[in-house]
Amino acid sequence: MIRSAIIEKAEALVATLYRERIPSWARYHTLEHTREVVAACVEIGTGMTLTDEEMEIIVLAAWFHDAGYLEGADEHEARSAVIAEDFLRKQGYPAPRIPLVKGCIAATRIPQRPATALERIVCDADLMYIGGPRFKEHSDALRDEWQTRMGIIYGEVEWLQKNIEFVGSCEFHTGFVRRTYGAMRSRNLSHLYELLDHAGSGNR
């Protein structure tokens, strides 16, 4: 794991924010998710042999990418970028790098439209779970969060359809993640279709 004074301070701040402000409905957007995205950024950045400066930018973006979620889900990426900018300016972080961190955070908004290599890395890190072995665990947590936050109960077929639409529409942006997690993403999507077919046949 890449370590620097600014990253350690960012980690401490974000951990405090989650400890003090996390909404009662949060099941997926938790500190654990943020830590997973940070780790994914390090994995991708290492695989793509980023410079130390580039690695620091994506890791900082990962730490802050969901900080705005603590104040509500809508437009949380914009709030996350503001929180990151305020922190970085107070820490005397180099001014030219701050827009790069903010850009990586903003790019995670769904549907993702990253414009730079660093933005593509953070976007892939945020959604890498769709190509991972714990996909169902993450999906169940998101379903629970949405139901708790919005008071909407999703039936099994409806939730499977939403998952299929989402996973099917989310292509990885970096060659590293496509090579490393693309096959598992395809298997996860195929499994969702199998579950949907089984759920549908049970209603016939």
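Me: Among contacts in the protein chain between residues at least 6 apart in sequence, what percentage join residues at least 24 apart?
Reply: The share is 67%. A contact here means heavy atoms within 4.5 Å. This is a predicted model, where local features need pLDDT of at least 70, side-chain atom pairs count only at pLDDT 80 or more, and totals for chains, interfaces and linings use all residues. Residues are numbered from 1 along each chain as its sequence is written, and side-chain values use heavy atoms, with hydrogens and water left out.

Me: How many helices and strands does the protein chain have?
Reply: Nine helices and zero strands. Both are DSSP runs numbered from the N terminus: helices are H or I, at least four residues, and strands are E, at least two.

Me: Why is the protein chain called as compact as a globular protein of that length?
Reply: Its radius of gyration is 17 Å, close to the 17 Å that the globule rule gives for 204 residues, so the description holds. The radius is taken over C-alpha atoms, and the rule is 2.2 Å times the number of residues to the power 0.38.

Me: How do you know that the span of helix 7 agrees with its number of residues?
Reply: The expected span is 1.5 Å times one less than the number of residues. Helix 7 (residues 135-150) has 16 residues and should span 22 Å; its end C-alpha atoms are 22 Å apart, so the two agree.

Me: Which residues of helix 7 are buried?
Reply: Phe-135, His-138, Ser-139, Leu-142, Arg-143, Glu-145 and Gln-147. Buried means under 20% relative accessible area (1.4 Å probe, protein chains only). Just after helix 7, Gly-151 takes a positive phi of about 70°.

Technical notes: Buried < 20%, exposed > 50% of the residue type's maximum accessible area, 1.4 Å probe, protein only.
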